[in-house]
Amino acid sequence: MTPTTSPGDARAALGQLLLGELLIGSVGVFVHESGQDAVTAVFYRCLFGGLFLLAWGLARGHLRGLLQERVLLRGAVLSGVLLVLNWVALFAGMARSSIGVATLVYHFFPFVMLILAALLQGERTRPADLAWTLLGFVGVACSADPARLWRDADASYLIGIGLTLLAAVLCGASLLMSRKIGKQRPFALVMIQCWVGVAMLAGFSSAGVFHVGPHWAWLLGLGVIHSGIVYVLFYSAYPRLPVVTIAVVAFVYPLVTLLLDYLIYGHRLAPVQLAGLVLIVLGTLGVNLKWRLGWSRRREAVQSP
C-alpha cells in the first residue's frame with residue numbers, strides 16, 4: 001500500500017489487478033479459438049483494443065493535450081512497433097509449441113529488461129540480480145522441456161520455442177522503452193501502440209476472416225478484453241499498490257494459462273517444466289523484490305567500514 005492509499009482503496013486495487021491477471025491468462029485460448037494466423041489475430045487485437053481505449057480515453061479525459069507531447073508520440077510509435085512484433089512472435093510460438101509452454105518461455109522478458117537496461121542505459125545491476133537472472137534463464141530452459149528437444153528435435157516445436165524467445169526479447173525492449181517515456185501517461189501510450197499495430201498489419205491481415213462465424217467473438221474479445229479492459233485495470237491498480245504486491249500477483253497470469261491449457265486442450269507439463277516454473281518464479285521475484293543472496297550480504301558486510 002502506498003502512503004496515500006487507504007486500506008479500502010488498496011483492497012479495491014488488488015481486486016482490479018487480480019481480475020486483470022485472470023483475464024490476460026486467457027489470451028492464448030482466445031487466439032487459438034479464433035482460428036486465425038498470428039498476424040491476423042494481432043491486427044484485430046490492436047483494432048478492437050484501440051477502438052475501446054480511444055473511446056475510454058476520450059470519455060475519461062485521458063487523452064487531453066496528447067498531440068502536443070512529441071517525445072511521447074515518437075517513443076510510443078517505436079515501442080509500439082516492438083510490442084506488435086512481440087505479439088506476432090508470441091502467438092506464432094503458441095501455435096507451434098503450446099499455450100502453456102510458450103507462456104513459460106515468454107516469462108523470460110523481465111530478465112531481458114534487466115540485461116538491456118544494464119547494456120543500453122547504463123543502469124547499475126547488482127550481482128544478486130545477475131544470479132537471479134541466471135536462475136530464471138535455467139528455469140526457461142527447463143520449461144522448454146529439454147528432454148523432448150533432445151529426443152524428438154521436432155522442427156515445428158523448435159521454431160515455436162525460438163519465436164517465443166524472440167517475443168520475450170522484443171517485449172523486454174518495448175517495456176524498457178515504454179517505462180522511460182510513459183510514466184506520466186501510460187494509458188495514452190498503450191492506445192497509441194495499438195494504433196501502430198493497426199497501421200503496421202493492415203495490409204497483411206488475412207482476407208479469409210470476412211465471413212460470419214464465431215471467430216469474430218473471439219477476435220472482439222481478444223481486443224476489447226486483452227488490450228482494452230485488462231490495461232484499464234492494470235494502470236488503474238498499479239499506482240495504488242506496492243511493487244511487492246504487483247510482482248507476486250503477476251504470477252496469476254502464467255498459472256491461469258497453464259490451468260486453461262490443461263483443462264481445455266489436455267496439455268500437461270512434464271516434471272522438468274514444473275521445476276522450470278518454480279525457478280522462473282523465484283528468479284523473477286528475486287529481481288523485482290531485490291532479494292539478497294547469502295554471499296551478497298557477507299560481501300557487503302565486509303566492504304562496509
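User: Which residues form a nonpolar patch on the surface?
Analyst: In this predicted model, the patch is made of Leu259, Tyr262, Leu263 and Ile264. Together they have about 400 Å² of accessible area.

User: Where does Ile264 sit?
Analyst: Ile264 belongs to helix 13, which covers residues 252–265.

User: Switching to charges. How many salt bridges does a search of the whole structure find?
Analyst: The search gives three. One of them joins the side chains of Arg240 and Asp9, at 2.7 Å from N to O.

User: What parts does that pair tie together?
Analyst: Arg240 is in the loop between helix 11 (215–237) and helix 12 (243–249), while Asp9 is in helix 1 (residues 7–24), so the bridge links parts 231 residues apart in sequence.

User: Is Arg240 buried or exposed?
Analyst: Arg240 is buried, at a relative accessible area of 16%.

User: OK, what does Glu69 form a salt bridge with?
Analyst: With Arg185; the closest N and O atoms are 2.7 Å apart. Glu69 lies in the loop between helix 3 (38–60) and helix 4 (70–96), and Arg185 in the loop between helix 9 (155–181) and helix 10 (186–201), so this pair ties together parts 116 residues apart in sequence.

User: Which accessibility class does Glu69 fall into?
Analyst: Glu69 counts as partly exposed, with 31% relative accessibility. Arg185 counts as buried, at 14%.

User: Which side chain meets Asp129 in a salt bridge?
Analyst: That of Arg126, again with an N to O distance of 2.7 Å.

User: Why does Asp129 count as buried?
Analyst: Because its relative accessibility is 2%, and buried means under 20%. Arg126 is buried too, with a relative accessible area of 18%.

User: Now confidence. What pLDDT does the protein average?
Analyst: The average is 87, and 94% of the residues score at least 70.

User: Where is confidence lowest, and where highest?
Analyst: The lowest is in helix 15 (residues 294–303), with a mean of 46. The highest is in helix 2 (residues 27–34), at 97.

User: Over which residues does pLDDT stay under 50?
Analyst: Residues 298–305.

User: How many contacts beyond four places in sequence does the model have for them?
Analyst: Two.

Note on methods:
Residues numbered from 1 in each chain as written. Predicted model: local features only at pLDDT ≥ 70, side-chain atom pairs only at ≥ 80, totals over all residues. Heavy atoms only, no water. Patch = residues over 30% accessible without salt bridge, like charges linked within 9 Å, V, L, I, M, F, W, Y side chains within 5 Å. Areas by Shrake-Rupley, 256 points an atom, 1.4 Å probe, with all protein chains shown as cover. Salt bridge = Lys/Arg side-chain N within 4 Å of Asp/Glu carboxyl O. Helix = DSSP H or I, 4+ residues; strand = E, 2+ residues; numbered from the N terminus. Buried < 20%, exposed > 50% of the residue type's maximum accessible area, 1.4 Å probe, protein only. pLDDT = per-residue confidence, 0-100. Contact = heavy atoms within 4.5 Å.
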